[in-house]
Amino acid sequence: MSSDFRTILISIPYHGKIEIKLCGPLRKRASRFTTKVISAFKGKRIVHGSPTGRFRITGSIPPYLVIGNSRPATRISVPLFTTPELQITTPPPPQFLNLQPPLHNHHHHHTSKTKPSNAPLSLPLTTLPHPHPRPRQPRQTLRTLPLPPPPPPPITLLTHRPSLPPSSPITLVLTRHGTPIPSPPLELCLITPHGPAITHLILTTKSPSTAAAIRPLLPRLSASSTILFTQNGIGAVEEVSAFFPAGGQPTYLSAIVTHGVFSTGQFSATHAGVADLKIGPVSRTTELNGEARWLVDIILSSAPLAGTEVGADELLHVTLEKLVANAVINPLTAILRTPNGEILNPSLAPLRKAMVEETSAVILSHLRTLHPDSPLSEAMIERFSTARLGTIVERVCEATKGNRSSMLQDVEAGRGTEVRYINGWIVRRGGELGVGVGVNEGVMGMVERGEVRGVEEVDKMFGWLGGYNGN
Ligand SMILES: CC(C)(CO)[C@@H](O)C(=O)[O-]
């Protein structure tokens, strides 16, 4: 994806109004490219044909093109950097864009779920079989009908608790903005090594329990499975991948989720903080196969999740940004037993700053090890500077000031915490890279010993930091 130019051939057999936009790290280039693409299609009535546009792009190749119309459910994103000449073929038009005039007697049309294949550009949506050739339609029928959401895929909720009601299916109720939104029924199953092969597994356990949760499922997982991690911190993926042999690794995806959700009962939860989600492959060398692509597309098609697809590099950067917020807010709220807003207390400013300074130094050294042959860009140095990371921490504290952090909830419930996957990563990596991490180590130790302190006590304990930081 270095600076060069390529010609891209786009052929879109798609019905209705088409929107094309770019996603991914080079989104800034989107407007110029999008304008070119759209103008190439402008004036072409996209009904039954396959309008084709040829684009010469100068500079870096945009990594993703999203094709579809204004409903997220119809969009697919297509990697653009695989071949210099790329033929993008979308599936037959979905049922709701069928341009047939409304006729009775249409019961012979069956919907069929397109099975995700290994073809990287497949789109598993409910579609009608595409009749070829289509009869010419009278002009007045050329209109886009309202799009119903795609049918949800079947989901099985795996649990290790035999105490959960054996009655299945169950209904989860999610409340958003005070309105209960029941989900489609879910199968509930105990985690067991026996059972059908698992094609897509979404891991929503806490980091420390992730490896233990997946261990009994190993006989049902293989190189053709896709595993999506959603944990805070860093380390769970490495623990899980150690279970699989080198040639038999599943495809690993990860999602950084900033939504705030809290449980209000056994099968009910409140979506309190509506935020967003970033999803992408964990490794730069991962090519998304059809199954992994399907899972990404299903998640992107959920409007309330507000998901964006990112490449592995950007996913790491977003993971590290979230790690900094978690590294400061989570342990301090757990020690102080306070909501997130209290971390903005001016007495804690030197401690906050010292933790962020250490983390910034570890992250920048870590990123340098990933690109040993080229210096880090100014933009990257700025992105992970103490000043910017400090601002991120402050913004998260402010935006979630009334929330009780996940680590505070864990210590209050007497559960283990994720501190080894958050501050633990900073301390481990700092040790390996020769970067001082004493403050993060001290704070992590307090959480592990279950210490509970007031702001003044913490201020006294870390009082020396005021001088150290020149505050
Ligand atoms: C951002 C955050 C600290 C807000 O509470 C959350 O990630 C948490 O609680 O872990």
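The model on screen is predicted, so local features need pLDDT of at least 70 and side-chain atom pairs count only at pLDDT 80 or more, while totals for chains, interfaces and linings use all residues. Residues are numbered from 1 along each chain as its sequence is written, and side-chain values use heavy atoms, with hydrogens and water left out.

**Stop 1: around F262.** F262 sits in strand β15, residues 260-265. Strands (E, at least two residues) and helices (H or I, at least four) are DSSP runs numbered from the N terminus. Show A269, T270 and A272 next; F262 touches these, leaving out residues up to four places away in sequence. Contact here means heavy atoms within 4.5 Å. A distance drawn between the C-alpha atoms of F262 and A272 reads 7.2 Å, and the two are 10 residues apart along the chain.

**Stop 2: the whole protein.** Zoom out to find 13 helices and 18 strands. Of the 471 residues, 45% count as buried. Among contacts between residues at least 6 apart in sequence, 72% join residues at least 24 apart. The protein exposes about 23600 Å², of which carbon and sulfur atoms supply 58%; accessible areas come from the Shrake-Rupley method with a 1.4 Å probe, and for residues only the protein chains shown count as cover.

**Stop 3: the nonpolar cores.** Select L332, L351, I363, F384, W425 and F462, which touch the most other members of the 48-residue largest nonpolar core. Such a core is a set of buried Ala, Val, Leu, Ile, Met, Phe, Trp, Tyr and Cys residues joined through side-chain atoms within 4.5 Å. Elements giving two or more residues to this core include α5 (312-336), α6 (349-370) and α10 (419-433). The most, 11 residues, come from α5. Now centre on I363: leaving aside neighbours within four places in sequence, I363 is in contact with L320, V324, F384, L389 and W425. A second, separate core has 13 residues, among them L201, L217, F229 and Y252.

**Stop 4: the ligand.** Show the residues around the ligand: N232, K322, N326, I329, N330, N340, V396, S405 and S406. Each has a heavy atom within 4 Å of the ligand. By class, this shell has 2 nonpolar, 6 polar and 1 charged residues. Its largest share, 4 residues, comes from α5.

- N326, at 2.9 Å
- N340, at 2.8 Å
- S406, at 2.5 Å

The protein covers 83% of the 280 Å² of accessible area that the ligand has on its own.

Stop 5: Go to D410, in helix α9. Is D410 buried or exposed? D410 counts as buried because its relative accessibility is 2%. Not counting residues up to four places away in sequence, D410 touches K206, R415, G416 and T417. Move on to α11, where V439, N440, V443, M444, G445, M446 and V447 are buried.

Definitions and conventions: Buried means under 20% relative accessible area, exposed over 50%, partly exposed in between (1.4 Å probe, protein chains only). A polar contact is a pair of N or O atoms within 3.5 Å; within protein, one must be able to donate a hydrogen and the other to accept it, and residues adjacent in sequence count only if both atoms are side-chain atoms. Ala, Val, Leu, Ile, Met, Phe, Trp, Tyr, Cys and Pro count as nonpolar, Asp, Glu, Lys and Arg as charged, and the others, Gly among them, as polar.
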